[in-house]
Amino acid sequence: MVAANGGVGEIGRIAARRDRLLAALVLVASVGLMLAVPFALKSGAEFFLPVTVALVIAIAMVPVLEWLERRGVPSALAAILCILLFLIAANVAIAAIVVPATDFFRLLPTRIDRIQNNLAPLLDLYSNLEKYVNRTLRAVADAPVRRTSNAAVAPPSSILELAATSAPALIVQFIFAVLVVFFFLSGWTRMRKRTIAGRSSFDGAMATARVIQDVVDDVSAYLGTITVINLILGGIVAGALYLLDMPYPLMWGGVVALLNYIPYFGPVVAAFLLAIGGLMTFADIWTALVPPALMYGCHLIEANLVTPFVVGHRLTISPLLILVSLSFWSWVWGTTGALLAVPLLIIIQTVAGAAGKPDIAGFLFEHGTLVQPARERRRWRFGGSGEDDETGG
């Protein structure tokens, strides 16, 4: 009897060592995969970027799709209406930002003297640097004037014209992204039902449904709320610039609203661009610095008072995670990646929170498993014993 018990114990110890070896191999393979994925995303940006953009847009449009379907609109027609709504909004944004910006910055060579005069009090402190800047600005001012006088190219007036004047690869990516959005939305209801019904247990089906709904709710709520806030911020900045008699106030309001999607760095870039615009427009440096100061003051109020009050604690994200996500996706996909950083972080956080966080520290240092048991999580959280948790104490 004792020998039998000893044999069973030995078999259990061998099985435990085998499980830990397999878990260690999985952990090493996972680390290698995590290190390889960023380079794969960066090198395959022509494919992964439009797919990711399309999926984020499609997820954000799901509430509109479901609203249309509840009113009897077929899924395919509802998907087409969602795409048309998005394309109209994108076309309005391009017409409000790109067209005036092309005309405004075409005047940059003719406004070099005004910018230099505004900056003269600062440049006087660095006389040697001033000479170098003068030569550089003359070179910059001469070349664009000759090019614009010889070939007057009209700026794009719509998203279709912008796509037509872009590289063929961009056109293909645009059409590909639109098709991905359409097929995702048109098959969303069937895909969700099939995914939930395919679970082997009721608890698994409920968990899957909850994760899908949380991803849709969090992404659409964030993008919808931030879009409304950014539009209001851009409108306030545009109205203030109109009162200051600054040209193209709607363009500057659109630039502020667009760059405000990028946390931390976007408003800084918007203020820098407004400073350039102010130096090009006004003859006094202090008047020229009013637009960026006004814009950044509005941003501080929005970021510290309005957005936390409107968004609340449900979508509160760690600033450290936002910075890491912003730097990572900016490195992978540039400006587009920076715009996608927060929505992708929300999706990853929602899925990871439902799947359970791996207990890597416990596995490495406490001889535990890769996933912390629910009983141990409750005991650690409430400070009680496992028996208390199970008995409701």
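The model is predicted: local features need pLDDT of at least 70, side-chain atom pairs count only at pLDDT 80 or more, and totals for chains, interfaces and linings use all residues. Residues are numbered from 1 along each chain as its sequence is written, and side-chain values use heavy atoms, with hydrogens and water left out.

Start with the whole protein. Its secondary structure comes to 17 helices and zero strands. Both are DSSP runs, numbered from the N terminus: helices are H or I with at least four residues, strands are E with at least two. Of the 393 residues, 34% count as buried. Buried means under 20% relative accessible area, exposed means over 50%, and partly exposed lies in between (1.4 Å probe, protein chains only). Now take contacts, meaning heavy atoms within 4.5 Å. Among contacts in the protein with a separation of 6 or more, 70% are between residues 24 or more positions apart.

Next, look at how helices meet. The axes of H2 and H9 come within 8 Å and cross at roughly 95 degrees. Axes are lines fitted to C-alpha atoms, for helices over the stretch in contact, and angles run from 0 to 180 degrees between N-to-C directions. H2 and H9 are therefore roughly perpendicular to each other. Angles under 35 degrees count as roughly parallel, over 145 as roughly antiparallel, 65 to 115 as roughly perpendicular and the rest as oblique. On the H2 side, Val56, Ile59, Ala60, Val62 and Pro63 take part; they meet Val215, Val216, Val219, Ser220 and Leu223 in H9. This contact has nine nonpolar, one polar and no charged residues. Here Ala, Val, Leu, Ile, Met, Phe, Trp, Tyr, Cys and Pro count as nonpolar, Asp, Glu, Lys and Arg as charged, and the others, Gly among them, as polar.

H9 also meets helix H8 (residues 188-197), where the axes come within 8 Å and cross at roughly 145 degrees. Trp188, Arg192, Thr195 and Ile196 are the H8 residues in this contact. Its residues divide into six nonpolar, three polar and one charged.

Now go inside. A nonpolar core is a set of buried Ala, Val, Leu, Ile, Met, Phe, Trp, Tyr and Cys residues joined through side-chain atoms within 4.5 Å. The largest one has 44 residues, and Leu185 and Trp333 touch the most other members. Helices H2, H3, H7, H9 and H14 each give two or more residues to this core. H14 gives the most, with 13 residues. Leaving aside neighbours within four places in sequence, Leu185 is in contact with Ala58, Met61, Val62, Leu65, Ala79 and Cys82. A second, separate core of 22 residues includes Met246, Met251, Trp252 and Leu274. Met251 and Trp252 are among the buried residues of H10. That helix (residues 249-259) is mostly covered, with nine of its 11 residues buried.

Finish with the rings. Rings of Phe, Tyr and Trp (its six-membered ring) pair if their centres lie within 6.5 Å; planes under 30 degrees apart count as stacked, over 60 as edge-to-face and the rest as tilted. By this rule there are eight aromatic pairs. The centres of Phe39 and Trp331 are 5.6 Å apart and their planes stand at 85 degrees, so the pair is edge-to-face. It links distant parts of the chain: Phe39 is in helix H1, Trp331 in helix H14, 292 residues apart. Phe39 is exposed at 53%, and Trp331 is partly exposed at 38%.
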